[in-house]
Amino acid sequence: MVVGAYEEVQGRCYMTTDAAARKSLKNNAKILIATDSSTDANLVRKLLEQEFDHVFTSVDPDLSVQDFENRAPDVLVLAFNAIEKSESFYLGIYRHSTKIHLQPHQTIILCKQEEVNRAYKVCRKEYFDDYVLFWPVNNDAPRLLMSVHHALRELFAMRDDQPSASQFAAQARNLAVMGNMVDQQMEQGGQRIDLANRAMKQVEGEIAEVFDSFSTKLAQGRIPNMSANPDIANMMREIQKLTQDEIGQRLHTVTDSMQRIAQWANEFKTEFVPHVESVRALNVMAERVQPTILVVDDDEFQRDIMKEYLTTANYRVLTAIGGMEALNVLRKVRPDLIMMDIMMPVLGGIDTTKRLKAMPAHANTPVIMVTGQSEGSLVRDSIMAGAVNFVVKPFVRDTILAKVASALRQAPSQAAGKDSAA
């Protein structure tokens with residue numbers, strides 16, 4: 001009964017607009033179970049193989065990095081009997097693997113009942129993505145299966161071809177600008193059509209006046225060599241006919257065409273109005289989107305200062321206490337800009353920047369290096385790693401905000417940033 005209900009819910013979860021893509025991801029998903037117990041590895045593997053076709057295990061600590069890089073898992077299940085072991089295993093992979101940051105994946109830790117609170121805390125801090133109470137075995141056997149399905153949906157939502165909220169907001173602002181331009185051009189076009197209509201009427205009147213004047217002169221005999229011409233009356237009739245039937249008709253045709261253009265322009269403008277209003281409404285919503293900035297620094301005091309400056313300038317701020325945590329955060333979010341401290345233990349800012357620039361989702365994300373030094377070698381190495389600018393400690397608020405706003409404006413396919421934040 002429980003399994004049947006679970007399958008029904010799970011089936012509905014995948015019935016979305018992207019159902020085919022989600023189903024493909026589910027069918028081709030690779031799951032790696034890491035543990036130091038072959039018994040536990042086999043137990044978890046059998047459970048997952050009920051739903052997934054590609055389930056692998058890694059039980060040799062000496063091969064942990066190799067297993068991860070060879071399998072390139074979408075979901076990593078850490079089935080150690082202590083959370084401390086899971087943390088040590090994952091940290092070791094981040095330290096020694098050169099490919100882990102290139103492989104989008106979700107992490108699930110299995111825990112014992114007495115470690116549930118700790119499991120919650122490490123997931124709350126985003127060291128891992130989810131946890132499952134697995135020991136002792138309880139009646140909620142599908143819980144791990146459901147966690148894997150949730151993890152795959154998270155991966156699908158973070159695909160590289162999906163725009164971030166700020167990128168979408170930037171495009172919405174561009175649409176609003178385009179809508180205003182079209183509106184202005186339509187207004188100017190209507191004015192020019194009116195001017196053309198008035199000019200055509202004026203030309204028509206002037207031509208009529210010229211022929212009337214010429215006819216009057218003929219009738220009064222004021223044109224040399226034509227006063228004694230017996231056919232003047234006939235000539236006047238021909239001129240009048242020419243004026244009305246030939247030139248006048250053609251001028252009326254042009255005037256009628258201009259009126260049709262004016263009618264089309266008015267109809268187009270009327271139909272275009274609701275679309276312009278929709279774009280403007282979208283722009284209002286876009287203005288509420290805050291560009292996201294990731295601050296990476298092992299110094300809590302420096303992080304807090306930077307966070308305060310950026311938050312008060314209407315930016316959304318995420319933090320990471322080091323390079324490895326930053327790479328872990330970047331698996332789940334797509335910030336619009338990264339403030340990267342250079343001097344950090346384990347994985348410094350330059351190496352972290354090199355790694356994140358190798359990630360397709362973050363290749364265009366601007367990075368501003370934060371340093372207490374300004375040696376030429378650091379500047380050169382940072383630029384080669386992909387940094388776009390520098391901030392030197394101690395911080396100057398206005399300088400930081402100006403550089404952040406500039407980097408956001410110049411970033412390809414990134415949010416333009418708030419003018420007020422500059």
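In these legends, Ala, Val, Leu, Ile, Met, Phe, Trp, Tyr, Cys and Pro count as nonpolar, Asp, Glu, Lys and Arg as charged, and the others, Gly among them, as polar. This is a predicted model, so to speak of a local feature we need pLDDT of at least 70, and side-chain atom pairs count only at pLDDT 80 or more, while totals for chains, interfaces and linings use all residues. Residues are numbered from 1 along each chain as its sequence is written, and side-chain values use heavy atoms, with hydrogens and water left out.

**View 1. The largest pocket and its lining.** Here a pocket is an open set of points on a 1 Å grid over the protein atoms alone, with protein on both sides within 12 Å along at least five of seven lines; lining residues have an atom within 4 Å of a point. Grid points are joined across faces, edges and corners, and a volume is the space filled by probe spheres set on the points. The volume of the largest pocket is about 420 Å³. Its lining has 17 residues, and those nearest the centre are Leu91, Tyr127, Ile321, Met324 and Glu325. By type, the lining holds 10 nonpolar, 3 polar and 4 charged residues. Helices α5 and α11 (323–330) each bring at least two residues to this lining, and α5 gives the most, with 5 residues. Helices (H or I, at least four residues) and strands (E, at least two) are DSSP runs, numbered from the N terminus.

**View 2. The second largest cavity.** A cavity is a set of grid points where a 1.4 Å probe fits but cannot get out. Searching the whole structure turns up 2 cavities of 30 Å³ or more.

**View 3. Helix α4 and its buried face.** Buried means under 20% relative accessible area, exposed over 50%, and partly exposed in between (1.4 Å probe, protein chains only). In α4 (residues 64–71), the buried residues include Ser64, Val65, Asp67 and Phe68. Seen down the axis, the buried residues of α4 fall within an arc of 165°, so they line one face of the helix; the arc is that of the directions from the helix axis to the C-beta atoms. These buried residues pack against β1 (30–34), β2 (54–58), β3 (75–78) and α5 (83–96). After α4 comes Ala72, with a positive phi near 45°.

**View 4. Ser64 in helix α4.** Why is Ser64 counted as buried? Ser64 counts as buried because its relative accessibility is 10%. Contact means heavy atoms within 4.5 Å. Apart from neighbours within four places in sequence, Ser64 is in contact with Ser58, Phe89 and Ile93.

View 5. Cys111 counts as buried, at 1% relative accessibility, and Cys123 counts as buried at 13%.

**View 6. The whole chain, for orientation.** The protein chain has 14 helices and 10 strands. Of its 422 residues, 42% are buried. Among contacts between residues at least 6 apart in sequence, 69% join residues at least 24 apart.
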